[in-house]
Amino acid sequence: MWIVFAILSFLFATITSILANIGIEGIDSNLATAIRTVVVIMTWGMVFITNAQNSLNTIGKKSWIFLILSGIATGLSWLCYYKALKDGTIFVVVPIDKLSIVIAMVFAAIFLHEQFTAKSIIG
């Protein structure tokens with residue numbers, strides 16, 4: 001089932017750039033990021049729909065730290081991405097942004113000791 005979600009993720013990520021570029025026209029990039037963030041916060045609805053909030057007290061300190069750091073990195077990424085989209089074009093901004101895929105794979109190999117496979121490289 002993970003492959004279905006991976007494909008859906010790529011599809012949503014694809015249209016995100018187009019929608020963002022249209023939506024950011026004529027407004028401040030920081031304001032656009034804040035609006036997007038409010039919508040993303042609605043994912044808490046899924047937490048309550050699936051009753052996952054009951055697991056909050058089982059999350060360890062390490063997980064909290066790294067999830068919070070991940071959230072900070074995401075916020076900074078979005079702020080930079082929207083500013084770049086505001087000032088640049090999708091044809092330039094998106095390929096640079098997507099370099100994160102390659103760098104993440106390299107970091108996963110170095111820091112998490114994950115192995116490159118034909119499947120991961122093709123993916």
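Tutor: Let's start with a term: helices (H or I, at least four residues) and strands (E, at least two) are DSSP runs, numbered from the N terminus. This is a predicted model, where local features need pLDDT of at least 70 and side-chain atom pairs count only at pLDDT 80 or more, while totals for chains, interfaces and linings use all residues. Residues are numbered from 1 along each chain as its sequence is written, and side-chain values use heavy atoms, with hydrogens and water left out.

Student: Okay, how many aromatic pairs does the structure hold?

Tutor: A pair of aromatic rings is described by the distance of the centres and the angle of the planes. Rings of Phe, Tyr and Trp (its six-membered ring) pair if their centres lie within 6.5 Å; planes under 30 degrees apart are stacked, over 60 edge-to-face, and the rest tilted. Here there are three such pairs. Among them is Trp44 with Phe48, a tilted pair with 6.3 Å between centres and 40° between planes. Trp44 and Phe48 are four residues apart in helix 3 (residues 44-49), so about one helical turn separates them.

Student: Which kind of pair do Tyr81 and Tyr82 form?

Tutor: Edge-to-face: their centres are 6.1 Å apart and their planes 70° apart.

Student: What lies over the face of Trp78?

Tutor: A charge sits over a ring if NZ of Lys or CZ of Arg is within 6 Å of the ring centre and within 35 degrees of the ring normal. In this model that's Arg36, 4.2 Å from the ring centre of Trp78.

Student: At what angle do helix 1 and helix 4 pack?

Tutor: Two packed helices are described by the angle between their axes and the distance between the axes. Helix 1 (residues 2-23) and helix 4 (residues 61-87) pack at about 60°, with axes 10 Å apart. (Axes are lines fitted to C-alpha atoms, for helices over the stretch in contact, and angles run from 0 to 180 degrees between N-to-C directions.) That makes helix 1 oblique to helix 4; under 35 degrees is roughly parallel, over 145 roughly antiparallel, 65 to 115 roughly perpendicular, and the rest oblique.

Student: Where does Met105 lie?

Tutor: In helix 6. Met105 has 27% relative accessibility, so Met105 is partly exposed. Just after helix 6, His113 takes a positive phi of about 60°.

Methods
Buried means under 20% relative accessible area, exposed over 50%, partly exposed in between (1.4 Å probe, protein chains only).
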